[in-house]
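My entries follow the order in which I looked.

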Amino acid sequence: MNYIQLGYSDLANAALLVVANAALSITLHLGLERRILVAAARMVVQLSLVGLVLKLLFVAVSPLWTGLAALAMVLFAGQEVLARQDRRFSGWWAYGLGTGSMLFAAGLVTLFGLTTALRPDPWYHPQYAIPLLGMVLGNTMTGVSLGLQTLTAQVVEQRAAIEARLALGETIRTALLPMVRKALRSASLPILNAMGTTGLVSLPGMMTGQILGGVEPAEAVKYQILIMFLISGGTAAGAVAAVLGGVGRLGDHRHRLRLDRLGPKREN
């Protein structure tokens, strides 16, 4: 398999584009230059550390270490979901709801992909399990965060209408159903847009990386189709789990709206 090896000078040349972005921000007074540089530096450090960790995992091929690495990825993703919420749930729910939903959805879909389509030997081999989980988890994280953000914003905005429906005898789940539907639509849009434009408008990163690495285009296409289907399933499962969990938290057994279980709106 032939592929072009990259040197540090090649990466440094590409980094000039990031510097140009920061300079553009300074010129236009956007105030984003610090965030651009910090995000780029953070990405480089994180990917470098991940490369070292994966190298060790590939040598060990241990279900324990693979599981711990996967758990760490989910926990970090849960923190990202929490950071994206304007109205967070109170207590441990603020972190636990998104993290638990992603652990359930991304874990289930990744296991499904490993045991039915890829079938590596052993099935937990980190060369396959970790990259697959990373792709599914990243998109599931987006769906979960959008779903929770939309749900809480809509419930706060539509409080009067919800309480009026509850006063007429509707259950809390029925009263919140329009907000649930809107939240799930919002969570589904990114992956729907991605599937609708993949191929004609954009070539996904995994497929591009395989082609650059020397894999036959037809084979890379099959892998990409599989990944997109798995991402779709993970996003849907994670969003449904998070939104329904949020509905359960926003109501109680007496069918009352419990906005006291939400914290104050976070200032950006």
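Entry one. Before looking at a single residue, I noted that buried means under 20% relative accessible area, and that the model I am reading is a predicted one. Is Ala187 buried or exposed? I found a relative accessibility of 1% for Ala187, so this residue counts as buried.

Entry two. I then located Ala187 in helix H8, which covers residues 177–197. Leaving aside residues up to four places away in sequence, I listed what Ala187 touches, namely Gly143, Leu146, Gly147, Thr235 and Ala239. I also looked up Val243, which is 56 residues from Ala187 in sequence, while their C-alpha atoms are 9.6 Å apart in space.

I turned to helix H2 (residues 33–60) and helix H5 (residues 126–157), which pack at an angle of about 140° with their axes 9 Å apart. Angles over 145 degrees would count as roughly antiparallel, and at its own angle H2 is therefore oblique to H5. On the H2 side I found Leu54, Leu57 and Phe58 in the contact, and on the H5 side Pro126, Gln127 and Ile130.

Last, I looked at helix H4 (residues 93–118), which packs against H5 at an angle of about 140°, with 9 Å between the axes, in a crossing that is right-handed. Among the residues that meet here are Leu97, Gly98 and Ser101 of H4 and Tyr128, Ala129 and Leu132 of H5. How many nonpolar, polar and charged residues does the contact of H4 with H5 have? I recorded 16 nonpolar, five polar and no charged residues.

Note on methods:
Residues numbered from 1 in each chain as written. Predicted model: local features only at pLDDT ≥ 70, side-chain atom pairs only at ≥ 80, totals over all residues. Heavy atoms only, no water. Axes fitted to C-alpha atoms, helices over the stretch in contact; angles between N-to-C directions. Helix = DSSP H or I, 4+ residues; strand = E, 2+ residues; numbered from the N terminus. Parallel < 35°, antiparallel > 145°, perpendicular 65-115°, else oblique. Contact = heavy atoms within 4.5 Å. Left-handed = near helix turned anticlockwise from the far one by under 90°. Nonpolar A, V, L, I, M, F, W, Y, C, P; charged D, E, K, R; others polar. Buried < 20%, exposed > 50% of the residue type's maximum accessible area, 1.4 Å probe, protein only.
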